[in-house]
Structure formats: C-alpha cells, structure tokens
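Please look through the model below before reading my notes. The points are meant to be read with the structure open.

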Amino acid sequence: MQLWGGLLGEQQEMYKAGIHRDCFVSSYLKLRAEAGLEHSPGHGITEDGWMKDELLAYTAATILEAGSDTTASSLQSFVLLMLSHPQVMAKAREEIDSVIGPERMPTLEDESRLPFLVACVKETLRRRPAIIM
C-alpha cells in the first residue's frame, strides 16, 4: 500500500490545494467530496457505495498496471515485427520523414496523414494481440 497509497496521498494533497488533474483518481476524489465524503480512510466501500481510500488506491493501480502491460507487449511486438521486415520498416520511416520531418515526434493529429504506419500498427495488433480475444 506504500506505493499506491503514496500516489493517492499526492492526489489528495493536490485536490486540497485546488489542483485538479484530468485523471481517474482526481475525478473520483472530486465526485466523492461533492457527495460529502472528502475523507474516507480504510478499505472497502462506504454505505453509499463509494470506494474508501485503500480500495481507490488499488483500483487506480489495477487500471495503470493493466494498461501498461498491454501497451508494453504491443510495442515489443511492433519493434520485433519491424526488425523482422526491414523493407516495411524502411517504408514506414520514409512516410514518417516525409510527413513529420526530423524536428518533432508524430502526434495523434498526424494519424490521418500516416496511413502506412497506421496499417503497420493495426497489423501488429492483428498478428500479436496483447490480450486473448
């Protein structure tokens, strides 16, 4: 509980200071406070159905860890597939260089202008899905 409780504690301090981040924990703390449960130590849920602090910390940890494992697995598969198919990697690099250039990293706004790269990502997810479907 030290790690995840510490992260929850940071969010609680930020909330008290009036700093709201666009994240699950910050939003939950705000909604819980609006329901009259700003302080809810312990584990489990309240009689009103709100998560207490320990459950909230572990729920946030589960969301974070689940998302990071699947993302890491997909990135690893993408890199391995690119290294296994250098001609495909060269074509993807050429597309990125022509659309983006050497000065910045691609963003989501560039996606529609990078159809080959998007196809490579989709093919990675088709060939090596991070989860069993």
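1. Basis. This is a predicted model, in which local features need pLDDT of at least 70 and side-chain atom pairs count only at pLDDT 80 or more, while totals for chains, interfaces and linings use all residues. Residues are numbered from 1 along each chain as its sequence is written, and side-chain values use heavy atoms, with hydrogens and water left out.

2. Helices H1 and H3. Helices here are DSSP runs (H or I, at least four residues), numbered from the N terminus. The axes of H1 (residues 2-16) and H3 (residues 53-84) come within 9 Å and cross at roughly 105°. Axes are lines fitted to C-alpha atoms, for helices over the stretch in contact, and angles run from 0 to 180 degrees between N-to-C directions. H1 and H3 are therefore roughly perpendicular to each other (the class covers 65 to 115 degrees). On the H1 side the contact (heavy atoms within 4.5 Å) is made by Trp4, Gly5, Leu8 and Gln12; the residues from H3 include Leu56, Tyr58 and Leu64.

3. Ser74. Leaving aside neighbours within four places in sequence, Ser74 is in contact with Thr124, Leu125 and Ala130.

4. Lys16. Lys16 belongs to helix H1 and is exposed, at 51% relative accessible area. Beyond four places in sequence, Lys16 touches Glu38 and His39. Its side chain also meets that of Glu13 in a salt bridge (3.8 Å, N to O); a salt bridge is a side-chain nitrogen of Lys or Arg within 4 Å of a carboxyl oxygen of Asp or Glu.

5. Other salt bridges. How many salt bridges are there by this rule? The count comes to 7. One joins Arg93 and Asp97 at 3.1 Å, both in helix H4 and 4 residues apart, about one turn of the helix. Another joins Arg126 and Glu123 at 2.6 Å, both in helix H5 (residues 115-127). Arg104, Asp110 and Arg113 are linked in a network of salt bridges.

6. Surface patch. Val79, Leu83 and Met89 form a nonpolar patch on the surface, with about 270 Å² of accessible area together. Patches are made of residues with over 30% relative accessible area and no salt bridge; like charges are joined within 9 Å, nonpolar side chains (Val, Leu, Ile, Met, Phe, Trp, Tyr) within 5 Å. Accessible areas come from the Shrake-Rupley method with a 1.4 Å probe; for residues, only the protein chains shown count as cover. Met89 lies in helix H4 (residues 86-99) and is partly exposed, at 34%.

Definitions and conventions:
Helix = DSSP H or I, 4+ residues; strand = E, 2+ residues; numbered from the N terminus. Buried < 20%, exposed > 50% of the residue type's maximum accessible area, 1.4 Å probe, protein only. Parallel < 35°, antiparallel > 145°, perpendicular 65-115°, else oblique.
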